Amino acid sequence: MTPDTPEPDLAGTLTVDAIEGRYARVEREDGSTEDWSLASLPCGVQEGDVIRLTVIDGDLDIEIDHAETQRRRASAQAQLDALNQAAPSGELDL
């Protein structure tokens with residue numbers, strides 16, 4: 001990176017899409033995905049976790065946003081439950 005090149009905007013959130021080996025595929029807020037080393041993420045991170053990135057005085061702070069992770073999991077479960085309620089019951093005739 002040259003001095004004229006702006007530093008990438010690291011602040012924001014990531015969602016851990018998948019973990020494979022020593023890497024995690026994360027989704028940025030704009031929908032793009034990147035592979036990050038698990039060593040660069042908070043200890044104990046799991047698939048579906050929301051990671052909050054904050055830059056304070058040039059230092060990057062990375063932490064799991066447990067409240068947002070729980071809110072998103074509850075929302076996904078509610079959507080799944082609603083879909084399952086609309087499913088037909090009993091035998092299906094093909």
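Strands β1 (residues 12–20) and β2 run antiparallel and are joined by 6 bridges. Two strands count as paired if DSSP finds at least two bridges between them. Strands themselves are DSSP runs of E with at least two residues, helices are runs of H or I with at least four, and both are numbered from the N terminus. This is a predicted model, in which local features need pLDDT of at least 70 and side-chain atom pairs count only at pLDDT 80 or more, while totals for chains, interfaces and linings use all residues. Residues are numbered from 1 along each chain as its sequence is written, and side-chain values use heavy atoms, with hydrogens and water left out.

Look at the turn between β1 and β2. The hairpin has 2 residues between the strands, and G21 takes a positive phi near 65°. Across the pair, I19 stands opposite A24 in β2.

Now move on to the next hairpin. β2 also pairs with strand β3 (residues 33–37), again in the antiparallel sense, over 5 bridges. Here Y23 stands opposite S37 in β3. This hairpin has 4 residues between its strands, and G31 in the turn has a positive phi of about 95°.

Which residues of β2 point to the buried face? Along β2 (residues 23–28) the side chains alternate: A24, V26 and R28 point to one face and are buried. Buried means under 20% relative accessible area, exposed means over 50%, and partly exposed lies in between, with a 1.4 Å probe and protein chains only.

Take A24 as a guide. Leaving aside neighbours within four places in sequence, A24 is in contact (heavy atoms within 4.5 Å) with V16, A18, I19, E34, D35, W36, L38 and L41.

Next comes the loop between β4 and β5, where D57 sits. The phi of D57 is near 50°, a positive value in a residue other than glycine. Most residues other than glycine have a negative phi. D57 counts as exposed because its relative accessibility is 75%.

D65 lies in the loop between β5 (59–64) and α1. Is D65 buried or exposed? D65 is buried, because its relative accessible area is 15%. A polar atom of the D65 side chain lies 3.0 Å from the backbone nitrogen of E68. Leaving aside neighbours within four places in sequence, D65 is in contact with V50 and R52. D65 and V55 are 10 residues apart in sequence and 15 Å apart in space, C-alpha to C-alpha.

Helix α1 covers residues 66–85, and H66 lies in it. H66 is exposed, because its relative accessible area is 58%. H66 and I51 are 15 residues apart in sequence, yet 8.6 Å apart in space, C-alpha to C-alpha.

Finally, step back to the whole protein. From the N terminus on, its elements run β-β-β-β-β-α. Its radius of gyration is 18 Å, well over the 12 Å that the globule rule gives for 94 residues, so the protein is more spread out than a compact globule. That radius is taken over C-alpha atoms, and the rule is 2.2 Å times the number of residues to the power 0.38. Along its principal axes, the C-alpha trace spans about 65 × 25 × 25 Å. Buried residues make up 21% of the 94 residues. Among contacts between residues at least 6 apart in sequence, 31% join residues at least 24 apart.

Terms used. Polar contact = N/O pair within 3.5 Å; in protein donor to acceptor, adjacent residues only side chain to side chain.
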